[in-house]
Amino acid sequence: MTHTPKRFIAGAICPRCAAMDRIRSWEQNGIRYRDCVSCDFFEQLPVEESAQDELPTRVNQPRETQKPAREEISTVKIIDPGTRH
């Protein structure tokens with residue numbers, strides 16, 4: 001009997017109760033198990049399919065499009081606080 005330790009999935013959101021960082025994952029006898037410690041969510045998948053059905057997290061989702069950086073050149077004036085104007 002092969003059993004890996006139960007580990008929390010950082011950033012995972014429970015599909016049932018929507019709690020973040022409450023999903024645990026572990027493998028046993030070629031089956032991947034996931035459960036939520038906040039509700040009664042439980043799921044089991046064959047290990048081959050588990051990578052395809054990965055839970056959405058902030059890490060594996062595409063980022064929102066970022067605004068392009070402005071390429072303006074501006075002059076910076078350094079002011080010495082010990083100098084009076």
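Me: How many aromatic pairs does the structure hold?

Reply: This is a predicted model, and the structure holds three aromatic pairs. One of them joins tryptophan 26 and phenylalanine 42.

Me: Why is the pair of tryptophan 26 and phenylalanine 42 called tilted?

Reply: The two ring centres are 6.5 Å apart, with 50° between the planes. Rings pair if their centres lie within 6.5 Å, and planes under 30 degrees apart count as stacked, over 60 as edge-to-face and the rest as tilted. An angle of 50° is therefore tilted.

Me: What does the pair of tryptophan 26 and phenylalanine 42 tie together?

Reply: Tryptophan 26 belongs to strand β2 and phenylalanine 42 to strand β4, so the contact ties together parts that are 16 residues apart in sequence. Both residues also belong to one aromatic cluster, formed by Trp26, Tyr33 and Phe42.

Me: Is tryptophan 26 buried or exposed?

Reply: Tryptophan 26 has a relative accessible area of 7%. Buried means under 20%, so tryptophan 26 is buried. Phenylalanine 42, at 46% relative accessibility, counts as partly exposed, because exposed would require over 50%.

Me: What makes lysine 6 a charge over the ring of tryptophan 26?

Reply: Lysine 6 lies over the face of tryptophan 26, at 4.4 Å from the ring centre. The distance limit is 6 Å, and the charge must also be within 35 degrees of the ring normal.

Me: How do you know that aspartate 35 and arginine 24 form a salt bridge?

Reply: Their closest N and O atoms are 2.6 Å apart. The cut-off is 4 Å, so the pair qualifies as a salt bridge. Aspartate 35 in strand β3 and arginine 24 in strand β2 are 11 residues apart, and the pair links distant parts of the chain. Both aspartate 35 and arginine 24 are buried. A search of the whole structure finds four salt bridges.

Me: Which residue forms a salt bridge with arginine 34?

Reply: Arginine 34 forms a salt bridge with glutamate 43, the closest N and O atoms being 3.5 Å apart, and this value is within 4 Å. Arginine 34 counts as buried because its relative accessibility is 4%, whereas glutamate 43, at 24%, counts as partly exposed.

Me: What makes arginine 32 and glutamate 27 a salt bridge?

Reply: The closest N and O atoms of arginine 32 and glutamate 27 are 2.3 Å apart, which is within 4 Å. Arginine 32 is partly exposed at 23% relative accessibility, and glutamate 27 is partly exposed at 24%.

Me: In which sense do strands β3 and β4 pair?

Reply: Strand β3, residues 31-36, and strand β4, residues 42-46, pair in the antiparallel sense over five bridges. A hairpin through five residues joins β3 to β4. Aspartate 35 stands opposite phenylalanine 42 in β4.

Me: Why is cysteine 17 in no disulfide?

Reply: A search of the whole structure finds zero disulfides. For cysteine 17, the nearest cysteine sulfur is that of cysteine 39, 3.7 Å away. A disulfide requires sulfur atoms within 2.5 Å, so cysteine 17 is in no disulfide. The nearest cysteine sulfur to cysteine 39 is that of cysteine 14, at 3.6 Å, and cysteine 39 is likewise in no disulfide.

Me: Where is aspartate 21, and what is its phi?

Reply: Aspartate 21 is in the loop between β1 and β2. Its phi is positive, about 65°, although aspartate 21 is not a glycine.

Definitions and conventions
Residues are numbered from 1 along each chain as its sequence is written. This is a predicted model: local features need pLDDT of at least 70, side-chain atom pairs count only at pLDDT 80 or more; totals for chains, interfaces and linings use all residues. Side-chain values use heavy atoms; hydrogens and water are left out. Two strands pair if DSSP finds at least two bridges between them. Helices (H or I, at least four residues) and strands (E, at least two) are DSSP runs, numbered from the N terminus. A salt bridge is a side-chain nitrogen of Lys or Arg within 4 Å of a carboxyl oxygen of Asp or Glu. Buried means under 20% relative accessible area, exposed over 50%, partly exposed in between (1.4 Å probe, protein chains only). Rings of Phe, Tyr and Trp (its six-membered ring) pair if their centres lie within 6.5 Å; planes under 30 degrees apart count as stacked, over 60 as edge-to-face and the rest as tilted.
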